[in-house]
Amino acid sequence: MGQKKLIRFAAIKEFPNVIENDVSLKGCWGEFFKNENDIVLELACGKGEYTVGLSERYANRNFIGVDIKGNRLWRGAKTALEANLNNAAFLRTQIDKIDAFFGSDEVSEIWITFPDPQLRFSKVKKRLTHPKFLRKYRSFLKADGVVHLKTDSPDLYHFTRAVINFYQLPLIAASDDLYNSDLYQDELRIRTHYETLDIAGSNKIFYLKFLLNSNLDNNRDESFKELIRGKDCA
């Protein structure tokens, strides 16, 4: 491991806005922020551009960036500290453990920003918009809470649309070319590091906003798996 990474890993252990695997905060995030404002998560936050950008825009909400990569979290956490953003924090953990950190109705909104699209069908359950993950989010998201997906992967975009349609989740907004869409305003203009790289080579940004107000019946998962098997989005 490089010296820079070691220094950053050591630094975030001392940052007051970084939490590492502290499940005692479940249901108690209001005490951490010292207010009862709405909580918004950025999952797979990387360097935390959305956590920082949103916290600058909305002082009356609390924002938590979640990622396992401490080296990346360091950048967002340091920026937030330097800007005195008391409504921004970072949680270092794996996303598949996210439901261990938040209680029922504790989160108002979720942003999933440029996650690994996990393109191989054998890794479909690792996609952060797979029903397996959505059920975890549903356990702590308020009934009227929304989920945003922003990605450069057409495969992940179409996969997520298939999830929304199959499990009958209310779709609020969708764009397969965000920069040339009327939706491209305000918070959607925040750009992440990975957004600028165009790793997928699509030359487009895709966006979805939907409600997660269903329990997503897991008895239908095999039917969904067969639906997407062999399709381009799988």
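This is a predicted model: local features need pLDDT of at least 70, side-chain atom pairs count only at pLDDT 80 or more; totals for chains, interfaces and linings use all residues.
Me: Thanks! With that in hand, how many residues of strand β5 are buried?
Reply: Strand β5 covers residues 107–113 and is mostly covered. Counting those that are buried gives seven of its seven residues.

Me: Which strands join β5 by bridges, and do they run parallel or antiparallel to it?
Reply: Let's take one partner at a time. Strand β2, residues 38–43, is joined to β5 by four bridges, with Leu-41 standing opposite Ile-110. Strand β6, residues 141–151, is joined to β5 by six bridges, and there the bridge partner of Ile-110 is Val-147. So the partners are β2, which runs parallel to β5, and β6, with which β5 also runs parallel; in general, strands pair through backbone hydrogen bonds.

Me: What is the handedness of the unit that β5 and β6 make with helix α5?
Reply: The helix in this unit, α5, spans residues 131–138. Together β5, α5 and β6 form a β-α-β unit that is right-handed.

Me: How many bridges join β6 to β8, and which residue of β8 is the bridge partner of Val-146?
Reply: β6 is itself mostly covered, with eight of its 11 residues buried. β6 and β8 run antiparallel and are joined by six bridges. In β8, the partner of Val-146 is Leu-211.

Me: What is the order of the strands in the open sheet, and which are the edge strands?
Reply: The sheet has eight strands with mixed pairing, in the order β1-β4-β3-β2-β5-β6-β8-β7. From one strand to the next, the twist averages 15°. The strands that pair on one side only are the edges, namely β1 (18–20) and β7.

Me: Which strands does helix α4 touch, and what angle does it make with β4?
Reply: First, some context for β4: residues 88–92 form this strand, which runs parallel to β3 (61–67) with five bridges between them. Val-66 has Leu-91 of β4 as its bridge partner. Helix α4, residues 70–82, packs on the sheet and touches β1, β3 and β4; its direction makes with that of β4 an angle of about 165°.

Me: What do the buried residues of helix α6 pack against?
Reply: α6 runs over residues 154–166 and reaches 18 Å from its first C-alpha to its last, close to the 18 Å expected. Its buried residues include Leu-156, Phe-159, Val-163 and Phe-166. They pack against α5, β6, β7, β8 and α7.

Me: Which element gives the largest share of the largest nonpolar core?
Reply: This core has 44 residues, and Leu-41, Ile-64 and Ile-110 are among those with the most contacts inside it. Nonpolar side chains tend to be buried together in soluble globular proteins. The largest share, seven residues, comes from α6.

Me: And how many residues are in the other core that lies apart from it?
Reply: Its members include Phe-63, Phe-114, Ala-173 and Ile-205. This other core has 14 residues.

How values were computed
Residues are numbered from 1 along each chain as its sequence is written. Side-chain values use heavy atoms; hydrogens and water are left out. Buried means under 20% relative accessible area, exposed over 50%, partly exposed in between (1.4 Å probe, protein chains only). Helices (H or I, at least four residues) and strands (E, at least two) are DSSP runs, numbered from the N terminus. Two strands pair if DSSP finds at least two bridges between them. A crossover is right-handed if, with the strands pointing away from the viewer, the path from the first strand over the helix to the second runs clockwise. The expected span of a helix is 1.5 Å times one less than its number of residues. Contact means heavy atoms within 4.5 Å. Axes are lines fitted to C-alpha atoms, for helices over the stretch in contact, and angles run from 0 to 180 degrees between N-to-C directions. A nonpolar core is a set of buried Ala, Val, Leu, Ile, Met, Phe, Trp, Tyr and Cys residues joined through side-chain atoms within 4.5 Å.
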